[in-house]
Amino acid sequence: MSKPRTNEAWIEELKSPGDLQDAAIEDLRAILVRAAAYTFGRNLGDLETFSPEHVQQLAEDCAQEALLAILNNLAKFRGESKFTTWAYKFAINISLTTARRERWKGVSLDLLEEQSTQDGWLSEYLPMADPEGAAIRKEVRQIITETIQNELTDKQRLVLKLMVFDETPMDVVVEYLNTNRNAVYKLLHDARTKLKLSLQSHGIGAAETIDLFGAQG
Amino acid sequence: MDETKFTQWINKILTTEEDEISCSDCFDRVSEYVETEAAGAEMDDALQQVKQHIHQCQVCFDEYELLRDLIQVEDGHDLLFDK
């Protein structure tokens, strides 16, 4: 059992070379292993081919990576939360990224990308139009299709296809495109903005859509 | 994509804000966000932006959800490391 520490004690001891630092690092490593194991426990489907021993080893590897990230970022801790809550997020971030990439290791994103250049790919992904459904539902599908085909850039269309329609995790897309989360998020944000403006230019706002989709969805 | 997911996605499109914080900014503030939320305390503008981001960003939402649940588990098992 690790000893309780205040935020200030964590920072001070992690920065002080010697026995205090060694003990603080060991305590921190232990809680990071638990955070990583918790993350894997909640996402076992991502690691279904792994033995329990392999999962534990992966948790320890991720905890070690998180520990290094934390020590490199200590100056950024401003005390706006408990130190341990702040530290957990590094372990969760690294573990979840690792788990998602393991799950998608055998999937060819090249193939998914190639599909996005073919005519009519989108119609295979959108839900079938209900002949009896409200006219606005058909209109929304039409606007979405036209905007994706005609107004998005190639990069925006690709990221949208991979993440929204193929449900590829962000970190897998980040690795595939050799970029970072912020850049991918911006592509998605810009795509959403164009789609929103298109819908709004046809008089479709949140209230109408919730009524007409939510009621029947 | 089934009808339910399509509806959820359309609603995400329609709730897009002109300015949304990045994943890095969300990561910087998410620990404060989960503790503020757990305490039922009022959120300032910066934390409202975290809320908007995790509504739109699946991976940041997944990390937020794990962090939120983990601190509850740790508290529940009396494994407090901060006093």
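## Report on a predicted two-chain model

The centres of domain 1 and domain 2 of chain A, taken over C-alpha atoms, are separated by 35 Å. These domains span residues 7–103 and 109–214 of chain A, respectively, with bounds that come from an automatic or database domain assignment. The model is predicted, and local features need pLDDT of at least 70, side-chain atom pairs count only at pLDDT 80 or more, and totals for chains, interfaces and linings use all residues. Residues are numbered from 1 along each chain as its sequence is written, while chains are lettered from A and ligands numbered from 1 in the order in which they are written.

### Chain architecture

Chain A has ten helices and zero strands; helices (H or I, at least four residues) and strands (E, at least two) are DSSP runs, numbered from the N terminus. Chain A is more spread out than a compact globule, because its radius of gyration of 23 Å is well over the 17 Å that the globule rule gives for 217 residues. The radius is taken over C-alpha atoms, and the rule is 2.2 Å times the number of residues to the power 0.38.

Chain B contains four helices and zero strands. Its radius of gyration is 15 Å, well over the 12 Å that the globule rule gives for 83 residues, so chain B too is more spread out than a compact globule.

The table lists further values for each chain. A residue is buried if 20 or more other C-beta atoms lie within 10 Å of its own, exposed if 12 or fewer, and partly exposed in between, with C-beta atoms placed from the backbone. Two residues are in contact if their C-beta atoms, placed in that way, lie within 7 Å.

### Contact between the chains

The contact takes 47 residues from chain A and 38 residues from chain B. On the side of chain A that touches chain B, at least two residues each are supplied by α2 (19–42), α4 (83–103), α7 (154–165), α8 (170–177), α9 (181–201) and α10 (206–214). By class, this side of chain A has 23 nonpolar, 15 polar and nine charged residues. Here Ala, Val, Leu, Ile, Met, Phe, Trp, Tyr, Cys and Pro count as nonpolar, Asp, Glu, Lys and Arg as charged, and the others, Gly among them, as polar.

### Nonpolar core

A nonpolar core is a set of buried Ala, Val, Leu, Ile, Met, Phe, Trp, Tyr and Cys residues joined through C-beta atoms within 7 Å. The largest such core has 68 residues, and L32(A) and A91(A) have the most contacts inside it. Helix α4(A) gives the most to this core, with ten residues. Domain 1 and domain 2 of chain A each contribute at least three residues to the core.

Leaving aside neighbours within four places in sequence, A91(A) is in contact with L32(A), A35(A), A36(A), C62(A), A63(A) and A66(A). Of these partners, C62(A) lies in helix α3 (residues 52–72) of chain A. C62(A) counts as buried because it has 27 C-beta neighbours inside 10 Å. With the same exclusion of sequence neighbours within four places, C62(A) is in contact with A36(A), A91(A), I94(A), S95(A) and T98(A). C62(A) and P169(A) are 107 residues apart in sequence, with a C-alpha to C-alpha distance of 19 Å.
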